[in-house]
Amino acid sequence: MSQIHIIHENPEWLPPLAAALDKRGLPWADWNLSSGSFDLSRPPPEGVFYNRMSASSHTRGHRYSAELTAAVLAWLERYGRRVVNGPRALDLEISKARQYAALEAAGIAVPGTVVVRGEAEDVVRAARARYGSGPLILKPNRGGKGLGVRLFADPDALAAFLADAPEDELPADGLWLLQDYLRAARPFITRAEFVGGRFLYAVEVDTSSGFELCPADVCEVPSPSAAVGDAFCPVGEAPAAAPVAAAPRFRVLPDGIEAGQRAALEGFLAANGIEVAGIEFIRTVEGEVFTYDVNTNTNYNPAAEEAADLAGTDRSGPGAIAAFLGAELARTRRAAA
């Protein structure tokens with residue numbers, strides 16, 4: 001019997017979605033591509049395949065999981081299987097340079113970015129040419145967990161960092177990105193969630209305590225082994241004092257986002273075959289909106305959903321994905337009947 005197949009490499013991220021699928025009585029299978037093999041000459045199983053491969057897989061010792069996933073997705077498409085977040089989505093997940101190019105092609109503003117391949121002195125030279133003695137942000141083209149994303153006051157500070165950069169902060173694909181520092185009007189970023197290519201809700205994230213902000217509660221565990229998402233915001237020059245404990249860092253926005261921005265982001269997703277994603281942006285002091293991250297392996301904050309009365313419903317992140325996958329499974333079964 002056909003079922004829903006969840007492609008991933010990190011089981012720590014599965015429980016909320018697994019619970020939502022089980023609650024709806026949907027048949028599903030766990031397909032962990034941290035390693036594995038498959039026979040290209042034989043047809044894949046029947047069903048709907050949901051790709052949750054993460055750009056940060058290499059930070060968990062799974063350096064080639066994305067490449068294995070790309071091969072699997074090609075195999076699935078060869079046999080006409082229904083794939084959610086297919087090859088193009090994976091391609092943009094693992095390359096911010098290609099992600100930014102696709103966003104700009106859709107008319108969506110992104111921070112000014114320079115791509116550099118070379119030694120530390122090449123990165124610093126490019127930074128001086130672009131930013132002079134001003135601030136800049138450094139990030140890996142294929143990173144994950146916020147590693148390697150840093151704000152520097154000037155290229156001299158960048159040079160000092162690169163002279164002894166930790167191995168785990170180096171870009172997996174060898175490409176560094178130098179990015180414009182954008183000052184936010186308020187110490188918040190916004191993350192818009194989309195399921196089935198349609199806007200679900202937006203969450204406002206307090207950045208006053210630092211940059212690294214994965215929405216999932218597993219990301220908030222202060223442990224070296226805690227899994228975190230590929231969400232990092234270019235806001236603020238240095239971490240400020242932590243917000244008052246009672247103030248939530250993640251808050252669902254009751255009014256969502258502006259209609260024009262929503263339409264533009266949905267158009268971008270449709271043009272690139274992305275059906276499930278979290279898209280992050282900031283509003284500058286000048287009132288301009290810049291999008292800086294598209295995460296196709298999006299996670300959700302249960303406390304924020306609970307506060308907004310979304311938890312356990314089809315308006316929650318896991319609930320919406322489960323309902324969408326269930327509808328797609330029913331549709332493929334009808335088509336095969």
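## A pair of facing alanines

In this predicted model, Ala192 has a bridge partner in strand S10, and that partner is Ala202.

S9 and S10 together form a hairpin, with two residues between them, and Gly196 in the turn has a positive phi of about 65°.

Strand S10, made up of residues 198-206, is mostly covered, with eight of its nine residues buried.

## A parallel sheet of four strands

Elsewhere in the model, four strands make up an open sheet in the order S2-S1-S3-S4, and their pairing is parallel. Strand S2 (28-32) and strand S4 (82-84) each have a single partner strand and stand at the edges, so one side of each has no neighbour in the sheet. From one strand to the next, the twist averages 20°.

In general, the strands of a sheet pair through backbone hydrogen bonds, and they may do so in a parallel or an antiparallel way. Strand S3, residues 47-51, is joined to S4 by three bridges and runs parallel to S4, and Val48 stands opposite Arg82 in S4.

## A helix across the sheet

Helix H9, which spans residues 317-336, lies across strand S1 (3-8), S3 and S4, and runs at about 145° to S3.

Methods:
Residues are numbered from 1 along each chain as its sequence is written. This is a predicted model: local features need pLDDT of at least 70, side-chain atom pairs count only at pLDDT 80 or more; totals for chains, interfaces and linings use all residues. Side-chain values use heavy atoms; hydrogens and water are left out. Buried means under 20% relative accessible area, exposed over 50%, partly exposed in between (1.4 Å probe, protein chains only). Two strands pair if DSSP finds at least two bridges between them. Axes are lines fitted to C-alpha atoms, for helices over the stretch in contact, and angles run from 0 to 180 degrees between N-to-C directions. Contact means heavy atoms within 4.5 Å.
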